[in-house]
Amino acid sequence: MSISQMRHAPRFASTLAKSHRMLACWLGRAYGWHMGTGQLRSVRSTAVRSSVMLHAAMAVTGLIMILFLLAHMYGNLKVFEGQQGFDGYAAYLREIGQPLLPHAGALWILRVILLASVLLHIFSAFVLWHRSRHATAGKGGWRYETTRNRRGVQRSYASFTMRWGGVVIGLFVIYHLLHLSVNAIAPGGASASPYQRMVNGFEIWWVVLSYVIALIALGFHLRHGIWSAFASLGANKSVAGRRFLNQLATIVALLILVGFLVPPLVIFAGWVS
Amino acid sequence: MNITVRIWRQHDRAAAGRMVSYGVDGISPDMSFLEMLDVLNDQLTAVGDDPVAFDHDCREGICGMCSLVINGIAHGPEALTTTCQLYMRHFNDGDTIDVEPWRSQAFPILRDLVVDRSAMDRIIQAGGYISAPTGSAPDAAATLVPKKDADRAFDAAVCIGCGACIAACPNGSGMLFTGAKANHLGVLPQGQTERHERALAMVNQHDAEGFGGCTQIGECTAVCPVGIPLDMISFLNADVLSALPRKQD
C-alpha cells in the first residue's frame with residue numbers, strides 16, 4: 001500500500017505521479033523494471049540493475065563530462081588571444097589525429113563518447129528518480145505532515161537541486177548547441193568565425209544572463225555531483241576522505257564556474273570585441 | 001510544562017490517517033518523550049479514547065524499537081539521541097510538537113505511530129551471516145584482527161536497526177543501514193568468505209524492498225542515534241563494484 005493511499009495527496013502530486021507511471025512504463029520495458037524477482041535472475045544480473053550500479057554509471061559518465069568541461073573551459077579562455085588565436089584553436093581541434101583520422105575525426109569520436117555519457121547519465125537519473133519517488137510516495141523529503149525542518153538537518157542547497165538543476169542544464173545544453181555549435185539561432189548575427197559568433201552573442205545582455213543562470217545551476221550540480229560521484233564509486237573511506245572529496249568538489253565547481261563566466265562577462269564589458 | 005502534541009492517528013493499515021491535536025498538562029522537564037506519551041495515553045484512557053500506539057522497549061537507547069519523527073526530524077532535535085532518551089527539557093512550555101511515524105514505502109503503518117520494519121530484517125537475512133564451524137567455541141584469540149578493522153567493524157556494529165536513516169532520507173534509501181550491516185561482517189577476517197556475495201545479496205534485497213538509491217546527501221548519518229558514519233555506504237559500494245566482475249565465490 002502506498003503512503004498516498006493513506007493520506008490525501010495534493011492534486012499536483014497525483015498529476016506528477018501519473019506522468020511518472022507513464023515514464024516508468026516505457027523505462028520498465030527498456031530496463032527490466034520489476035525488482036524483487038531474484039528467483040528469475042542471478043544475483044549478478046540483478047545487481048547490475050541495482051541502484052548502486054546506476055549511481056556508479058552516473059558517476060563515471062559525470063566525471064567524463066567534467067573532463068570535457070575542463071577542456072572546453074580552456075578553449076574558451078583562448079578568446080584572450082584574439083580572433084586568430086581562437087579561430088586557429090577551433091580549426092586545430094578538427095585537425096587532431098590527421099592524417100590517421102579524417103578531418104574532424106577526433107572531434108566526432110569525442111562527440112559520440114559525450115553523447116553516450118549524456119544519455120546514460122540521464123537514463124540512470126530518471127530510473128533512480130523514479131525509484132526514490134516510489135520509496136517516498138512521490139514526496140521525497142516532503143513526505144511528513146509537519147512543515148518544520150523540511151530541508152532536513154544538514155543537507156545542502158546543492159544536494160536538493162540535483163534533479164531539477166540537471167533538467168535546467170539539459171535544456172541549456174540544447175540552447176547552447178543551437179547557438180554556438182550549430183549556429184541555428186544567432187543572436188547578434190551569424191558568422192563563419194567561432195570567435196565572431198561568441199563576441200556577437202555575448203554583447204547582448206539576455207544572452208549573457210541566460211549563460212550566467214545556467215552556469216550557476218551547473219556550479220551547484222557539480223558541487224554535489226563531484227563529491228557524490230567519488231562517494232558512489234567507493235572513494236569515501238574516512239572522515240578525512242569525506243572532507244577532502246567535499247573540498248575537491250568545491251574547488252573544481254568554482255574553477256569551472258569562474259572559468260566559464262570570465263569570457264562572456266569580459267565580452268559584455270567590452271574588453272574583448 | 002503544558003504542551004500540545006499533534007499526533008498521526010491511523011486505526012490500521014487500510015484506514016486513512018490524520019494529525020490529531022492533544023493538550024498534555026503537568027509534564028515534568030525530566031520526563032522522556034515516551035513518558036510524556038505515557039501521560040497522554042493515561043489521559044486518553046481515562047476518558048475512554050484509544051491510547052496512541054507507539055513502539056518502545058528498553059527505553060535506554062540500545063534496542064532500536066523506538067522511532068517517531070518529531071517536528072520533521074527522526075528521533076527529534078537532539079543529535080545522537082534516540083526518542084526514548086530525548087527529554088522534555090529540550091522543548092519549551094507551550095510548544096506544539098508534531099509527532100509522526102517513520103514514512104517509507106517499505107514501512108507500512110500498522111497503527112498510529114507503529115510501522116512494520118521487517119523489510120530491514122529481510123535485508124539482514126539476505127546476507128548478514130558468516131560461515132563458521134560448529135562444535136566447541138574457538139579460542140578467542142585464534143584469529144587476529146588488526147585494530148583498524150576491529151574499530152571499523154565496531155563502528156558498523158553499533159547500528160541498532162531503528163530505521164531513522166530511512167525515515168530521514170529524501171530518497172527513502174536504506175543504504176546506511178545496509179552498509180552498516182554488510183560492513184560489520186565484511187571487514188572482519190571471519191566475514192571474508194561471503195564478503196562479495198553478501199554485498200550483492202544485501203543490495204539486491206534493499207532494492208527489492210523498494211528503498212531508493214543513495215545520493216550521498218548525509219541526512220541519514222545526521223539523524224542516526226548511534227552515529228553510523230556515511231562512509232559505510234562507500235565501503236558497500238566498493239564491495240559491490242568489485243564483486244560484480246568476479247565469478248560466484
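**The meeting of chain A and chain B**

Tutor: A search of the whole structure, which is a predicted model, finds 16 salt bridges over all chains. One of them is formed by B:E197 with A:R44, where the closest N and O atoms are 2.8 Å apart. This pair crosses between chains: B:E197 belongs to helix α6 (residues 195-208) of chain B, while A:R44 belongs to helix α3 of chain A. Between chain A and chain B the count is two salt bridges.

The charged pair may now be placed within the whole interface. In total, 54 residues of chain A are in contact with 63 residues of chain B. The area buried between the two chains is about 4600 Å², and carbon and sulfur atoms give 56% of that area. Polar contacts are also present: 33 residue pairs between chain A and chain B are in polar contact, counting pairs with both residues at pLDDT 80 or more.

Which elements of chain A give two or more residues to the side that touches chain B? They are α1 (3-6), α3 (43-48), α4 (51-76), α6 (105-135), α10 (205-232) and α11 (239-269) of chain A. The largest share of this side, six residues, comes from α10(A). By type, the residues of the side of chain A that touches chain B divide into 20 nonpolar, 22 polar and twelve charged.

Two of the helices listed for that side, α4 and α11 of chain A, also meet each other. Two packed helices are described by the angle between their axes and the distance between the axes. Here the axes of α4(A) and α11(A) come within 9 Å and cross at roughly 35°, and α4(A) passes α11(A) in a left-handed crossing. From α4(A), the residues A:I66, A:L69, A:L70, A:H72, A:M73 and A:N76 take part; they meet A:V252, A:L255, A:I256, A:G259, A:F260 and A:P263 in α11(A). The residues of this helix contact divide into nine nonpolar, three polar and no charged.

Two features of the backbone, one in each chain, complete the account. In chain A, the peptide bond from A:Q98 to A:P99 is cis, with omega near 5°. In chain B, the residue B:R59 has a positive phi of about 55°, although B:R59 is not a glycine. The place of B:R59 is in the loop between α1 (33-46) and β3 (69-70) of chain B.

Note on methods: Residues numbered from 1 in each chain as written. Chains lettered and ligands numbered in written order. Predicted model: local features only at pLDDT ≥ 70, side-chain atom pairs only at ≥ 80, totals over all residues. Heavy atoms only, no water. Contact = heavy atoms within 4.5 Å. Buried area = accessible area lost by both parts, 1.4 Å probe. Salt bridge = Lys/Arg side-chain N within 4 Å of Asp/Glu carboxyl O. Polar contact = N/O pair within 3.5 Å; in protein donor to acceptor, adjacent residues only side chain to side chain. Helix = DSSP H or I, 4+ residues; strand = E, 2+ residues; numbered from the N terminus. Nonpolar A, V, L, I, M, F, W, Y, C, P; charged D, E, K, R; others polar. Axes fitted to C-alpha atoms, helices over the stretch in contact; angles between N-to-C directions. Left-handed = near helix turned anticlockwise from the far one by under 90°.
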